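Subject: Structure handover and notes

Dear colleague,

Here is the structure we discussed, with my notes on it below. Please read them with the structure open.

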Amino acid sequence: MATLGIDLGGTKIALGVLEGEELVYSARVATPSDGSEAVLQVMVAAAREALAESPVAVEAVGVGSPGPIDYRAGVVTYAPNIPDFADVPVVGRLRRALELPVFLENDANAAALAEHHLGAARGAESSFFVTVSTGIGGGAIIGGRVWRGAHGQGGEIGHLTVLPGGPVCGCGNRGCLEAVASGRALARDASYAYAREVSTPQLFDLWRQGDGKARELVSGSARYLGQALADVQKLLDPEVIVVGGGVGVGGGEEYLSLVRQAYADHLQVWRRAEIRAARLLERAGVIGAALVARFAN
Ligand SMILES: [Zn+2]
């Protein structure tokens, strides 16, 4: 069964037709920044082109979107990185335009599904995926399916409290993992530490050069991530943990080994999962969205 995956991002919309394990068609278009109607129109046009150009017939469409989703209504509640994108009926609109079944999933959950079935956690019964980039997202896959929870917020590791009373998070809570360990948090702390604007990639360059302040900041981020993953282990006990995202993968094996150390420190008497680097990288979103359609029913 071939399915079309649409990965809606803040700057680009990626599309791909997945047949078996292969992307037999891929395309990307820029995400309009002038409101939800423009975004929907571009999505419909790009999807129509994909259906026309695909070498195989597409049977269903999956969409991965940032932000919270009303699964029952097929509506994206809001997408934090896309201007004026709130309460958008993505499923209804695409279904009418394409005359195919359309399924919607949170983008971190879609990436988790991709890594589980075709990436770093392939062959595992259960896995947990965490993406550490500007923000921190996650997804739990149990028995091959996404665990959404009762309200669609299952797997939101970025908002576990790891530092009570710490910096305020976008969600209003203090000391969330995202508020202390994300790319955005690292850039904030680095700019403070160096008393000048320092981006996350610049911080990682300094870290690789062995700069003392950079080492302290990056290992702090890795420690908090390891601590949160240890809590995930006790809660869900996944077989494999996959770490992705610009910080997670960009930090390389050295960053991952810091995460593994902190994770192990918090799991002295507990059985542990294997922590692996994500494999599908920027293709995870589109492959995951296509798998959402494949496994939906
Ligand atoms: Zn939060």
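How many salt bridges does a search of the whole structure find? The search finds 9, where a salt bridge is a side-chain nitrogen of Lys or Arg within 4 Å of a carboxyl oxygen of Asp or Glu.

Before the details, some notes on the source. This is a predicted model, in which local features need pLDDT of at least 70 and side-chain atom pairs count only at pLDDT 80 or more, while totals for chains, interfaces and linings use all residues. Residues are numbered from 1 along each chain as its sequence is written, and side-chain values use heavy atoms, with hydrogens and water left out.

Side chains of opposite charge can pair when their charged atoms come close. One of the salt bridges joins R93 to E37, at 2.9 Å from N to O. This pair links distant parts of the chain, as R93 sits in helix α2 (residues 90–98) and E37 in helix α1 (residues 36–53), 56 residues apart. Helices here are DSSP runs of H or I with at least four residues, strands are runs of E with at least two, and both are numbered from the N terminus. R93 counts as partly exposed because its relative accessibility is 23%, and E37 counts as partly exposed at 38%. For these classes, buried means under 20% relative accessible area, exposed means over 50%, and partly exposed is in between (1.4 Å probe, protein chains only).

A salt bridge also joins K234 and D231, at 3.9 Å from N to O. Both residues belong to helix α7 (residues 212–236) and are 3 residues apart, about one turn of the helix. K234 is partly exposed, with a relative accessible area of 35%, and D231 counts as partly exposed at 35% relative accessibility.

R260 pairs with E253 in a salt bridge whose closest N and O atoms are 3.2 Å apart. R260 is partly exposed, at a relative accessible area of 28%.

Helix packing

Two packed helices are described by the angle between their axes and the distance between the axes. The axes are lines fitted to C-alpha atoms, for helices over the stretch in contact, and the angles run from 0 to 180 degrees between N-to-C directions.

The axes of α1 and α2 come within 10 Å and cross at roughly 40 degrees. That angle makes α1 oblique to α2; angles under 35 degrees count as roughly parallel, over 145 as roughly antiparallel, 65 to 115 as roughly perpendicular and the rest as oblique. The crossing of α1 and α2 is right-handed. A crossing is right-handed if the near helix is turned clockwise from the far one by less than a right angle, and left-handed if anticlockwise. On the α1 side, the residues in contact (heavy atoms within 4.5 Å) include E37, L40 and M43, and on the α2 side they include R93, L94 and L98. By class, this contact of α1 with α2 has 9 nonpolar, 1 polar and 3 charged residues. Ala, Val, Leu, Ile, Met, Phe, Trp, Tyr, Cys and Pro count as nonpolar, Asp, Glu, Lys and Arg as charged, and the others, Gly among them, as polar.

Helix α5 (residues 183–194) and helix α6 (residues 200–208) have axes that come within 9 Å and cross at roughly 65 degrees. α5 is therefore roughly perpendicular to α6, and their crossing is left-handed. G183, L186, A187, A190 and Y194 of α5 meet T200, L203, F204 and L206 of α6. The residues in this contact of α5 with α6 are 7 nonpolar and 2 polar, with no charged residues.

For α6 and α7, the axes come within 8 Å and cross at roughly 115 degrees. That makes α6 roughly perpendicular to α7. The crossing of α6 and α7 is left-handed. L203, F204, L206 and W207 of α6 make the contact with A214, R215, L217 and V218 of α7. The contact of α6 with α7 divides into 7 nonpolar, no polar and 1 charged.

Loops

D84 lies in the loop between β6 (75–78) and β7 (86–88). Its phi is near 50 degrees, a positive value in a residue other than glycine, and D84 counts as exposed at 63% relative accessibility. A195, in the loop between α5 and α6, has a positive phi near 55 degrees and is exposed, with a relative accessible area of 71%.

Regards
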